Amino acid sequence: TKYVYDFAEGGMELKDLLGGKGGNLAEMVRLGLPVPPGFTVTTDACRAYLRTGDEPFGLADEIGLHLERLERQAGRRLGDTADPLLVSVRSGAKFSMPGMMETILNVGLTDATVAGLAGQTGGDARFAWDSYRRLIQMYGRTVCDVPGDRFDAALDAAKAAKGTTDDLGLDAADLRALVGTYKDIFRAHTGRDFPQDPREQLDRSIRAVFQSWNAERAVLYRRQEHIPADLGTAVNVVAMVFGNLGANSGTGVAFTRDPATGEPGVYGDYLANAQGEDVVAGIRNTVPLQALEELDKPAYDELMAIMAKLEEHYRDLCDIEFTIERGKLWMLQTRVGKRTAAAAFVIAAQLVDDGVIDMDEALTRVTGAQLGQLMFPAFDLSGDPERIATGIAASPGAAVGAVVFDARRAARLAAGGTAVILVRRETNPDDLPGMIAAQGILTSRGGKTSHAAVVARGMGKTCVCGAEDLDVNVDARRFTVAGRVVSEGDVVSIDGTTGRVYLGAVPVQPSPVVRYFEGTLSPGADPLVAAVDRILGHADKVRRLAVRANADTFDDAARARRFGAQGIGLCRTEHMFLGERRPLVERLILARTDENRDAALAELLPLQRADFERLFQAMHGLPVTIRLIDPPLHEFLPPLDELSVKVALAESRGEPDGHDRALLDAVQRMHEENPMLGLRGVRLGLVVPGLFAMQIRAVAEATLACRARGVAVHPEIMVPLVGAVQELEAVREEALRLLGPLGVRARIGTMIEVPRAALTAGEIARAADFFSFGTNDLTQMGWGFSRDDVEGAFFARYLELGIFGVSPFESIDRDGVGRLVRIAVEEGRRTRPDLHIGVCGEHGGDPASIHFFHEAGLDYVSCSPFRVPVARLEAGRSAV
Ligand code: ADP
Ligand code: MG
Ligand code: MG
């Protein structure tokens with residue numbers, strides 16, 4: 001195996017082996033740019049080292065050969081007392097992990113070479129001793145685990161003794177003495193002298209960089225960024241160049257465009273008479289790159305030419321690190337640069353205009369996640385608001401409002417025009433009206449898949465959950481945090497993008513992208529909006545998946561339409577049974593005779609019909625999928641314990657309440673140990689006579705009423721929780737019986753959400769015009785774990801163990817649940833080639849899942865209105 005590549009031998013095509021930094025240094029050498037000579041030790045060598053604790057056989061010799069070549073190119077030799085070569089030993093993995101691993105500078109300095117270094121730089125002994133003390137410090141800390149603060153303390157002591165607070169206040173003699181002190185510290189902690197053999201310094205530095213792959217912060221960073229743990233890092237050995245040799249030297253970082261806005265024009269910082277690490281450490285104030293033009297015009301012009309060349313080569317924004325040593329420019333690093341979401345869109349559109357990339361490629365330069373970010377309002381933090389806590393960023397956005405601790409009150413205050421933030425320890429379905437009414441939701445418990453988080457994301461509502469520092473006392477109507485008491489009515493601001501919670505009202509900036517979707521901002525008004533408009537337009541042109549929305553109300557449907565939805569893929573009818581209609585549902589459940597039940601249904605019918613009419617109106621001309629009622633009926637009744645207490649108290653007072661008593665009997669009768677697997681969905685429809693019929697009739701009547709007004713309606717009736725074709729056939733027959741005489745035609749289809757339905761999809765397709773995957777239930781039942789209970793129980797541990805990289809409720813599990821999807825698509829279409837197939841679970845708005853649904857051959861995805869543009873973009877991205 002070849003373990004070492006000279007810069008002249010590599011390139012980005014070897015990124016896996018050379019890492020990003022090594023690959024890009026090699027690219028620059030290829031382009032003929034001024035890069036100090038050097039070589040890269042591969043990730044292969046690192047992996048071997050981490051596996052065995054030892055360097056792989058032959059590595060030392062190979063390094064020796066490449067070192068000789070480096071020495072020839074540099075015209076200097078490592079350890080040469082008269083004219084020593086110094087090198088840096090730099091980490092660089094395949095994926096950028098900024099600042100997570102180690103770099104050691106000035107390797108090769110020893111007692112014997114330090115004078116030679118001074119000689120190289122025209123007798124600058126101060127510089128030489130300063131470089132030496134930096135090496136001992138970096139090497140000591142990184143290679144030998146000497147606590148860094150020992151060196152810092154010695155440096156401070158030297159400055160105090162000299163009566164200065166600035167490093168520059170120390171002269172050559174002071175620094176020489178400091179080197180002595182540093183060596184003592186090194187010896188005290190390692191039991192050995194600081195190594196005087198440059199090759200030993202080099203070899204041990206390389207090993208330390210290998211090892212830094214497993215540094216705690218690197219491990220954490222990888223977990224967070226979903227970077228595989230077994231890649232290892234490459235190590236770059238680079239001849240040192242010095243930016244700290246006087247006024248005609250310096251160092252800087254630069255971007256070929258503004259990484260914040262994407263606007264063209266170079267952008268960067270420069271620091272004269274300094275080394276790169278000084279800039280990164282922010283020790284001294286930098287000046288804008290433009291200042292270099294006055295300081296050193298030739299170097300500046302050369303840099304501009306190089307940056308243009310890099311953009312042309314990479315066809316994208318690049319960032320660079322450079323150093324000028326006495327007027328000579330050196331490139332130390334480049335890569336395709338990170339950028340904000342806004343810049344990603346602006347740059348992609350700009351590159352199309354420049355003829356550098358085409359629209360298909362522009363689509364690959366942006367992501368749905370970035371578009372999602374651009375749709376949320378953001379806080380203006382210039383007023384430096386007081387941050388009181390940080391929780392989990394569960395559902396992005398910026399929300400401001402008065403703290404309220406119960407849902408009912410939240411709904412009432414909101415109805416009166418007060419902006420509220422619902423604060424709970426955790427939420428449950430009873431909190432729904434309050435969650436809908438609130439600007440945002442804040443909880444002290446639960447993670448990204450807690451009830452609060454999932455529901456809030458579905459609604460596009462800002463949510464911070466699991467802010468554990470909050471001590472929420474609902475009864476006392478206040479929470480305490482860090483000794484501060486926040487009472488009901490006090491205003492807080494929560495940032496669902498960062499998880500931060502602020503006291504008081506922080507000003508909010510609305511998203512221009514959303515104003516554009518809403519039609520209140522024209523694309524010409526703002527370069528970002530223009531870029532989004534173009535790129536999204538192209539996505540619409542190339543995508544095969546249609547995008548629908550999950551919406552139950554006129555407002556949601558209308559918004560979804562403005563956001564580009566091509567229909568409704570899921571209207572959940574159960575939400576229509578809440579609020580004032582609850583008593584009607586109670587009557588339905590309590591009915592002992594057909595008459596009473598029919599009377600309750602007859603009262604529900606016109607209400608339901610009116611709901612559908614409004615929805616059809618909002619979506620005129622587009623398909624609307626109505627799902628028949630899904631949850632167990634007892635969800636509409638009061639909780640058992642609460643009601644038991646109420647009835648018992650009333651009876652002990654001798655004031656029994658017949659209604660409550662009957663309700664309690666019903667609740668007890670209907671109690672289920674596993675309601676998720678109980679009497680719900682199609683089972684309910686087959687057991688409670690007249691319930692589905694009422695809903696189907698309401699669909700038909702609403703369709704006729706709309707048609708009479710000239711509204712084009714395309715209703716689709718969807719049956720939930722089907723596991724056997726016979727269930728669907730029964731409902732289908734009933735529906736056809738009802739619809740036929742009214743002259744209404746509707747597609748009738750089913751959710752595929754029970755694993756058995758997926759496995760018998762070939763049969764089910766006989767009775768279905770369409771399938772819609774309910775991936776939440778399919779995931780829940782496919783894995784056999786309850787979505788509402790897994791969060792605290794074991795998900796964190798499972799993520800830690802790598803059993804899954806991301807929650808299967810967030811992103812579809814391709815191998816398992818995805819297999820069920822593929823089977824159902826294939827066998828369903830075999831029975832019925834024109835079967836229309838979509839998805840309406842949370843996954844319909846998740847980028848990675850959308851790519852899967854595209855591959856699996858679905859016809860559409862359906863997601864919450866706010867996710868519609870994201871889904872359009874990702875559907876386009878999956879098609880190029
Ligand atoms: P990181 O990946 O954390 O940026 P680097 O390997 O780029 O670490 O190095 C840290 C700092 O040292 C950077 O500012 C870089 O420019 C500087 N540096 C690295 N190698 C050399 C070198 N051969 N000559 C001069 N400065 C260098
Ligand atoms: Mg760097
Ligand atoms: Mg379901």
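The shell around ligand 1 takes at least three residues from each of domain 1 (4–239) and domain 2 (250–339); domain bounds come from an automatic or database assignment. The model is a predicted one, in which local features need pLDDT of at least 70 and side-chain atom pairs count only at pLDDT 80 or more, while totals for chains, interfaces and linings use all residues. Residues are numbered from 1 along each chain as its sequence is written, and chains are lettered from A and ligands numbered from 1 in the order in which they are written.

Around ligand 1 there are 18 residues, of which Ser88, Arg90, Thr103, Val238 and Gly276 come nearest; a residue is near a molecule or strand if its C-beta atom, placed from the backbone, lies within 6 Å of it. By type, the shell consists of eight nonpolar, seven polar and three charged residues. In this division Ala, Val, Leu, Ile, Met, Phe, Trp, Tyr, Cys and Pro are nonpolar, Asp, Glu, Lys and Arg are charged, and the others, Gly among them, are polar. At least two shell residues are supplied by each of strand S5 (87–93), strand S6 (103–107), strand S7 (233–239), helix H10 (276–281), strand S11 (318–325) and strand S12 (328–336). Helices (H or I, at least four residues) and strands (E, at least two) are DSSP runs numbered from the N terminus. H10 gives the largest share of the shell, three residues.

S11 and S12 also belong to an open sheet of five strands with antiparallel pairing, in the order S10-S9-S8-S11-S12. Strand S10 (287–288) and S12 are the edge strands, each pairing on one side only. Two strands pair if DSSP finds at least two bridges between them. Strand S8 (residues 250–257) runs antiparallel to S11 and is joined to it by six bridges, with Ile320 in S11 as the bridge partner of Ala254. The loop between helix H12 (297–314) and S11 contains Arg315. Phi of Arg315 is near 55°, a positive value in a residue other than glycine. Arg315 counts as partly exposed because it has 14 C-beta neighbours inside 10 Å. On this scale a residue is buried if 20 or more other C-beta atoms lie within 10 Å of its own, exposed if 12 or fewer, and partly exposed in between, with C-beta atoms placed from the backbone.

A positive phi of about 55° is also found at Asp384, which is not a glycine. Asp384 is placed in the loop between strand S13 (378–379) and strand S14 (387–390). With 8 C-beta neighbours inside 10 Å, Asp384 counts as exposed.

The chain as a whole has 880 residues, 49% of them buried, and contains 35 helices and 33 strands. Its C-alpha atoms fill a box of roughly 105 × 65 × 55 Å along the principal axes. Besides domain 1 and domain 2, the division of the chain gives domain 3 (376–510) and domain 4 (543–632 + 672–879). The centres of domain 2 and domain 4, taken over C-alpha atoms, are separated by 54 Å. Among contacts between residues at least 6 apart in sequence, 66% join residues at least 24 apart; two residues are in contact if their C-beta atoms, placed from the backbone, lie within 7 Å.

Val143 lies in helix H5 (residues 125–144). Val143 is buried because 22 other C-beta atoms lie within 10 Å. Apart from neighbours within four places in sequence, Val143 contacts Arg204, Ser205 and Ala208. Its C-alpha atom is separated by 8.3 Å from that of Val209, 66 residues apart along the chain.

The largest nonpolar core holds 257 residues, and Phe345, Ala348, Ile421, Ile535 and Val861 touch the most other members. Helix H13 (residues 341–353) contributes the most to this core, 10 residues. Such a core is a set of buried Ala, Val, Leu, Ile, Met, Phe, Trp, Tyr and Cys residues joined through C-beta atoms within 7 Å. Beyond four places in sequence, the contacts of Val861 include Leu545, Val547, Gly838, Ala871 and Ala875.

Strand S28 (residues 623–627) is mostly covered, with five of its five residues buried. Pro623, Thr625 and Arg627 point one way from S28, and Val624 and Ile626 the other way. In a regular strand the side chains alternate between the two faces of the sheet. S28 runs parallel to strand S27 (residues 568–572), joined by three bridges, and Arg572 stands opposite Arg627. Five bridges join S28 to strand S29 (residues 714–719), also in parallel, and His714 in S29 is the bridge partner of Pro623.
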